[in-house]
Amino acid sequence: MTIEVSAKKVDDAIKEGLQTLHTTIDQVQIEVISQGGLFKKAKIKMTVGDDAAPEATVEPAAEKVQAPQEKKPAAPIQREPAKPQKAEAKEKAIEKRNAQNAPQPKAQKPKREHKDDAVELTPEIVGRAEHFLKEVIRLMNVEAELKIEEHGRELKIEVVTDNSAVIGYRGETLDALEYLTSLSAGKGDERYVKVRVDCNNYRAKREESLTALAKRMADKCANTGRKVTLEAMSSAHRRIIHATLGDDDRVVTKSEGKDPNRRVVILPKRK
């Protein structure tokens with residue numbers, strides 16, 4: 001079965017496709033038709049096999065012939081004395097009220113391990129990550145080389161290519177590749193697999209530009225005495241802004257809105 005899915009980002013399209021097909025990422029083939037951008041949606045083609053197991057057949061069981069049983073005289077039925085109608089209605093009303101007021105059991109959410117408790121890297125995990133990322137980049141029609149390094153429990157993968165499609169607008173495609181590679185690498189493991197995907201040192205360059213932006217906007221906020229609202233960013237980029245201005249005694253920062261339109265707001269600090 002093959003479907004085409006469009007969304008703002010590649011990872012959003014993949015998530016929507018997996019929900020539509022009711023399957024997992026390791027059971028499908030993904031072809032990236034177009035990358036998402038500022039005025040363009042990402043589009044993918046997702047294919048899943050249809051190898052349903054044949055239904056098991058059950059032979060009808062032979063009927064057992066039972067010998068006729070001797071009938072026993074029925075025991076006399078003892079009936080409880082009927083309750084007055086008013087008392088019975090009152091009792092039912094009390095039972096209904098008690099049932100409504102009884103505390104309902106809360107649905108337990110599946111436990112998720114903290115990201116600091118990353119799983120220990122194994123050759124199998126590294127192999128799954130490398131295979132998945134190579135396959136997705138191939139489907140994107142991008143020629144690239146992967147440089148893989150293990151730093152403790154963090155797997156760092158550098159994508160070396162001249163094609164900026166791997167990065168995408170504001171690094172959105174790179175973030176999607178990192179997230180999906182982590183999921184694929186951790187298949188079958190209960191804990192979080194920490195994967196860091198970069199391309200041509202983009203993340204370090206992006207952090208430098210965001211740090212410079214935070215300082216400029218803090219100066220503007222302090223000089224004008226008015227709040228400054230930045231563009232919508234990912235949670236990782238918002239953390240860079242907050243960390244950069246955390247020690248600035250002139251301003252304070254906070255995040256407003258909901259993802260994917262959540263933004264950092266810089267406010268003058270009250271004296």
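How many residues lie between S4 and S5 in the hairpin that they form? In this predicted model, the hairpin of S4 and S5 has two residues between its strands. Gly152 lies in the turn and has a positive phi of about 65°. Pairing of S4 with S5 (residues 154-160) is antiparallel and runs over seven bridges. Across this pairing, Lys147 is placed opposite Glu158 of S5, and Ile148 is placed opposite Ile157 of S5.

Two packed helices are described by the angle between their axes and the distance between the axes. For H3 (residues 123-139) and H4 (residues 172-185), the packing angle is about 140° and the axes are 8 Å apart. H3 is therefore oblique to H4; the limit for a roughly antiparallel arrangement is an angle over 145 degrees. The crossing of the two helices, H3 and H4, is right-handed. On the H3 side, the contact is made by Ile125, Arg128, Ala129, Phe132, Leu133 and Val136, and on the H4 side by Leu177, Leu180, Thr181, Ser184 and Ala185. Eight residues of this contact of H3 with H4 are nonpolar, two are polar and one is charged.

The crossing of H5 with H6 is right-handed. The residues of H5 that meet H6 are Arg206, Glu207, Leu210, Thr211, Ala214, Lys215 and Ala218. Their partners in H6 are His237, Ile240, Ile241, Thr244 and Leu245. The contact of H5 with H6 comprises six nonpolar, three polar and three charged residues.

Backbone geometry in the loops was also examined. Most residues other than glycine have a negative phi, and most peptide bonds are trans. Arg170, which is not a glycine, has a positive phi near 55°. Arg170 is located in the loop between S5 and H4. Its relative accessibility is 35%, so Arg170 counts as partly exposed. Asn200 is likewise not a glycine and has a positive phi of about 50°. With 33% relative accessibility, Asn200 counts as partly exposed.

A cis peptide bond is found between Asp259 and Pro260, with omega of about 10°. Pro260 is part of the loop between strands S8 (251-256) and S9 (263-268).

Technical notes: Residues are numbered from 1 along each chain as its sequence is written. This is a predicted model: local features need pLDDT of at least 70, side-chain atom pairs count only at pLDDT 80 or more; totals for chains, interfaces and linings use all residues. Side-chain values use heavy atoms; hydrogens and water are left out. Axes are lines fitted to C-alpha atoms, for helices over the stretch in contact, and angles run from 0 to 180 degrees between N-to-C directions. Helices (H or I, at least four residues) and strands (E, at least two) are DSSP runs, numbered from the N terminus. Angles under 35 degrees count as roughly parallel, over 145 as roughly antiparallel, 65 to 115 as roughly perpendicular and the rest as oblique. A crossing is left-handed if the near helix is turned anticlockwise from the far one by less than a right angle, and right-handed if clockwise. Contact means heavy atoms within 4.5 Å. Ala, Val, Leu, Ile, Met, Phe, Trp, Tyr, Cys and Pro count as nonpolar, Asp, Glu, Lys and Arg as charged, and the others, Gly among them, as polar. Two strands pair if DSSP finds at least two bridges between them. Buried means under 20% relative accessible area, exposed over 50%, partly exposed in between (1.4 Å probe, protein chains only).
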